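Hello,

Here is the structure for you to look through. My notes follow below it.

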Amino acid sequence: MVETDIPILSLKNIHCYIGPSHILRDVTFSVRPGQCLSLMGRNGMGKTTILRTIMGHIRPTKGIVHINGVNSALMKTHIIALSGIAFVPETRSIFPNLSVIENLTMAARTGVDGRSDWTLERIFNIFPKLEERQNFWGDELSGGEQQMLTISRGLMTNPSLLLLDEVTEGLAPLVREDIWRVILEIKNSGIASIIVDKHVKRLLEIADQHVILVRGEIVFHGDGKTLVECPELMKQHLGV
Amino acid sequence: MVTVPSRNVAICLFVILLCFASVPLFGDKYFVKLALRAIIFSIFAMSLDLLIGYTGLVSFGHAAFFGLGAYIVHLVSPVDESLNLFICLSLTLGLTAVAASIIGAFSVRTKGVYFIMVTLAFAQMMFYFFFNWPGAGGSDGAFIFFKPALKFGDLTVIDLDDGHTLYFFSLFAWVACYILLIFVLRSPFGQVIQGIKINEHRMQGLGYDTYLYKLVSFVIAGTIAGFAGFLFACIDGFVSPGLLGWRESGIAMVMVILGGQGTLFGALLGSVGFHGMEEIFREPAITGVIAEHWQILMGIFVICVVLFLKNGLSALITRFDSKAGEDV
């Protein structure tokens, strides 16, 4: 395919301010179709800000975000979403006034390239728990179930790139493993992803490239093999 | 979804509507008119509930469309004969929809307290326009001499000049608006606006142009408010600039809050509660010397409902409902 040469997403020299604070400094990376990138770093280093900048919630002061090769500076958030990017926020933001099934169907649409692989049946297949709870209100779910619902809601848009923000945070170990299983399944189905998480071991298994952020700057960008070879980097910035 | 009336709600609504339907049979003229006002204001408040309770847009200028609807009836009705009901209704709904799209296009861009201020400003502009325009009676208001009617030759099918016809027409209109709004809210469009109320950013993140959805919701609400204004103008055949003022917007908002926002049927409870309590508080035989200052009692009543009932009067019914998960 010709498209594979164009990254789905590329950030070039991104600088971002929130109020007077310089949050992102010269961030550059790109994600190709099917690739999985991990964003690591301690709290407050700008990981979520990168995701929000990609979605257009925050606009970079300097630098360019390209989505499928197009500058996204003039795209509104919903246009960015329609270009095949789905955001699974840490806050989950389930719609409490809609039932589980409505939370899912309201997001459903075919992807940019006309794919509709992710249907309600497939979602219920990977998360049987959601099928049991399909008629519950969004706020009647446990934390793990809410997280499953948020991921599923993202998948229902048939994205080509999925942004996962700390999706395993605060979950029971068994539920967390369940989520990791699904993340792997998503990756194997060919959807590119950017994963923000604290579980270095799991990320090393899944992601193709890793980015470590310190105070908004990239201090490491490379594959898992290179990262494992720098134990002092991992100890210093990730506490492993 | 919350909008499907539960069995308890359906039973209560049925009983209330039955009571309303029997008012013209037993009550005297004064009570018929009171009940009619309650029904029409309930339609008005229900349209506002679509904005406040479901879309998360707190409009403080909703009376602009209510009053405009009433004024259009005056403006399009000839002075010497009644206008065809269909033509009059289509003109009213069409023109209020146009006005709602223009006002909405500007105000929906803003959020929170700014949205309140912008809608209020537009409504006050409309108020002063009709207040100062001699062509529409100015500050004195204006009469509608012949109310719209539906006639085929000599056969009169509907004549809104007849009190009972107008009454049952309005009652039917309430049911129609209620059912229409339930269908709107159950549609994918309805799910999207309810999502916008909770988290607009997230809806954009899912790929929805939230501006457009909010605008459409605003236009639907404005058009239904215009319809309520149309009915209101037919009660006395009199319109005045006060119908567009912020006081009317405030009353509609009180009714929505009193009845319970985000319920639709709460608007009926709110309107009945408001009109009923007003009658009781104003009656010297019941409240004695305070009757002259009935607004004080009304204030206390509204505060009590807000403080002690979780979501207005509707909570009296819905607290006995089963949870959604067990329901289906």
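Leaving aside its neighbours within four places in sequence, which residues is A:Ser72 in contact with? They are A:Arg59, A:Val65, A:Ile67 and A:Ile80. Contact here means heavy atoms within 4.5 Å. A:Ser72 sits in the loop between strand 5 (70-71) and helix 2 (77-82) of chain A. Its relative accessibility is 4%, so A:Ser72 counts as buried. The classes are buried (under 20% relative accessible area), exposed (over 50%) and partly exposed (in between), with a 1.4 Å probe and protein chains only.

Some ground rules. This is a predicted model, where local features need pLDDT of at least 70, side-chain atom pairs count only at pLDDT 80 or more, and totals for chains, interfaces and linings use all residues. Residues are numbered from 1 along each chain as its sequence is written, chains are lettered from A and ligands numbered from 1 in the order in which they are written, and side-chain values use heavy atoms, leaving out hydrogens and water.

Chain A overall

Chain A has ten helices and ten strands. These are DSSP runs, numbered from the N terminus (helices: H or I, at least four residues; strands: E, at least two). Of its 240 residues, 54% count as buried. Among contacts in chain A with a separation of 6 or more, 68% join residues 24 or more positions apart. The C-alpha atoms fill a box of roughly 45 × 40 × 40 Å along the principal axes.

Salt bridges

- A:Asp113 and A:Arg115 meet at 3.1 Å, N to O. A:Asp113 is exposed at 53%, while A:Arg115 is partly exposed at 21%. A:Asp117 belongs to a salt-bridge network with these two residues.
- A:Arg202 pairs with A:Glu177, with the closest N and O atoms 2.5 Å apart. A:Arg202 lies in helix 8 (residues 200-206) and A:Glu177 in helix 7 (residues 173-188), so the pair ties together parts 25 residues apart in sequence. A:Arg202 is partly exposed at 22%, and A:Glu177 is partly exposed at 35%.
- B:Lys147 pairs with B:Asp161, with the closest N and O atoms 3.5 Å apart. The two residues are 14 residues apart and sit in separate loops of chain B. B:Lys147 is buried at 10%, whereas B:Asp161 is partly exposed at 46%.

Best wishes

Technical notes
Salt bridge = Lys/Arg side-chain N within 4 Å of Asp/Glu carboxyl O.
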